[in-house]
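Subject: Structure handover and notes

Hello,

Here is the structure for you to take over. My notes on what was found in it follow below.

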Amino acid sequence: MSKPLEGIKIIDFTHVQAGPACTQLLAWFGADVIKVERPGAGDVTRSQLRHVKDADALYFTMLNSNKRSLTLDTKTAQGKEVLTKLIKESDVMVENFGPGALDRMGFTWEHIQSLNPGMILASVKGFSEGHAYEDLKVYENVAQCAGGAASTTGFWDGPPTVSAAALGDSNTGMHLAIGILTALHQKVKTGKGQKVAVSMQDSVLNLCRVKLRDQQRLDALGYLEEYPQYPHGEFSDVVPRGGNAGGGGQPGWVLKCKGWETDPNAYIYFTIQGHAWAPICKALGKPEWIDDAAYNTAEARQDKIFDIFAFIETWLADKTKFEAIDILRKFDIPCAPVLSMKEIANDPSLRKSGTVVEVDHPKLGKYLTVGSPIKFSDVEVEITASPLLGQHTNEVLADLGYSQEEIVALHDAKAV
Ligand code: CAO
């Protein structure tokens, strides 16, 4: 069965995480993604946090599956010539260099367009064009701080906190992938390419939009009813950090289960969904709360929500997180165990769905990676190993029409 993006050729001028996450996704769905890397060095993540000597690090292999690797020094005249040929034959070029690097290489948007008017140039930068910080180089946590995630994450008595989720990197890559697919769709109608730009700050903020919602509510009311600070604590004029509070209309919290004293993840997340109040009371063995006016509305529960959570913890004290969920699921209560990475790695459901996949790598051996979180009824996503540095250089050059002698000359000149 052919893959949906088969026939789309992508120059993958990306490195570290934000760009590679985007192009990996497109490669899974069938695009021919040619990762362009500096000869001898390659993407810096190939050697970052290695756990097997001389083998590509997991940081690289988990973000670059299903791609081909072409080594190319684009600062040499011969390298520029190869890149020029590649641009003429490709549909998309994705890059996440520091600001201005592509221009300095001689490949401005105007030049790329003159070479191939159908080209879609997709870029990730830390900040958007024209932003006061547009010249800054940016990594994950920098973006989380600039995008509003850090100031609103963590506990009220602690400092701003970054999330382990790659809100700045992979999330930006996912936004870029949507942008690329949109531009490809538009090209079908217009025949023209275009520039697609996504900033890490904007992508983080897009995921923090409920916090901007909260700022406006706070400005208007002076308090936020769903935050732990209400009604007993104090609010300032900025959205506070809310710990593990539910961000929407339903109160929730991380609650201790049996074994929490020694297991750092013996917890569940428990949500008190308004219309599930009666089932919650039944599950907890508190039927008298169902019709008690002191408990049976969200408003009535508000000032004792932490007493209710404390009661639920006494109920959980003799149950493991999995036993608790097995009881609570029968009552239709939105909840889940807090899963450790070890539990996720071994979870049979995640293996079965292809979300956690084992891949064979020629140097690293078998390793686990995260497969496609997007499931299709008519597309099978197969995850293959990431390429070795320059594994496909000769093949890509031959595809571009270079003869064997010319390929040897490019190697001799250290252009590839
Ligand atoms: N051949 C020749 N030169 C190459 C090359 C190649 N194949 N690939 C890259 N280079 C050059 C670039 O042209 C650039 O040269 P100049 O700065 O001399 O013009 C140089 O390598 C450095 O590129 P860089 O600025 O992208 O790399 P860095 O390690 O200094 O910065 C990063 C890394 C991520 C901070 C920066 O790329 C950046 O801010 N990117 C945009 C935001 C982003 O995507 N961040 C997410 C990273 S994931 O956490």
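Accessible areas here come from the Shrake-Rupley method with a 1.4 Å probe. On that basis the chain exposes about 20900 Å², with carbon and sulfur atoms supplying 54% of it. Please keep in mind that this is a predicted model.

Overall layout

The chain has 416 residues, and 46% of them count as buried. It contains 17 helices and eleven strands. Taken along the principal axes, its C-alpha atoms fill a box of roughly 85 × 45 × 40 Å. Among contacts with a separation of 6 or more, 64% are between residues 24 or more positions apart.

In soluble globular proteins, nonpolar side chains tend to be buried together. In this chain the largest nonpolar core has 38 residues, and the members that touch the most others are I10, L26, V92, V94, L176 and I180. Two or more residues each come from α1 (18-28), β4 (92-95), β5 (120-125), α7 (170-190), β6 (195-199), α8 (200-207) and β10 (356-361). The largest share, six residues, is that of α1.

Apart from neighbours within four places in sequence, I10 is in contact with T23, L26, A31, D32, V33, I34, V92 and V94.

Ligand site

The ligand is surrounded by 23 residues, of which G98, R104, K137, V138 and D169 are the closest. By residue class, this shell divides into nine nonpolar, six polar and eight charged.

- H15: an N or O atom of the side chain is 3.0 Å from an oxygen atom of the ligand.
- K75: an N or O atom of the side chain is 2.8 Å from an oxygen atom of the ligand.
- G98: a polar backbone atom is 2.8 Å from an oxygen atom of the ligand.

On its own the ligand has 950 Å² of accessible area, and the protein covers 84% of that.

The loop between β2 and α2

Several entries in my notes concern this loop. Which residues does P39 touch beyond those up to four places away in sequence? They are T71, L72, D73, K414, A415 and V416. P39 lies in the loop between β2 and α2, and its C-alpha atom is separated by 7.5 Å from that of K414, although the two residues are 375 residues apart along the chain. P39 is partly exposed, because its relative accessible area is 25%.

The loop between β2 (32-37) and α2 (58-61) also holds L49, and D54 lies in the loop between β2 and α2 as well. Both turn up in the backbone geometry.

Backbone geometry

Most residues other than glycine have a negative phi, and most peptide bonds are trans. L49, which is not a glycine, has a positive phi of about 60 degrees. Its relative accessible area is 73%, so L49 counts as exposed. D54 is likewise a residue other than glycine with a positive phi, in this case near 70 degrees. With a relative accessible area of 53%, D54 is exposed.

P231 is in the loop between α9 (209-221) and β7 (252-256).

H361

Is H361 buried or exposed? H361 is buried, because its relative accessible area of 4% falls under the 20% cut-off. The residue is in strand β10. A polar atom of the H361 side chain lies 3.1 Å from the backbone nitrogen of K363, and the side chain also reaches the backbone nitrogen of L364, at 2.9 Å. Leaving aside neighbours within four places in sequence, H361 is in contact with D56, T61, Y367, A385, S386 and L388.

Regards

Conventions
Residues numbered from 1 in each chain as written. Predicted model: local features only at pLDDT ≥ 70, side-chain atom pairs only at ≥ 80, totals over all residues. Heavy atoms only, no water. Core = buried A, V, L, I, M, F, W, Y, C linked by side-chain atoms within 4.5 Å. Buried < 20%, exposed > 50% of the residue type's maximum accessible area, 1.4 Å probe, protein only. Helix = DSSP H or I, 4+ residues; strand = E, 2+ residues; numbered from the N terminus. Contact = heavy atoms within 4.5 Å. Near = heavy atom within 4 Å. Polar contact = N/O pair within 3.5 Å; in protein donor to acceptor, adjacent residues only side chain to side chain. Nonpolar A, V, L, I, M, F, W, Y, C, P; charged D, E, K, R; others polar.
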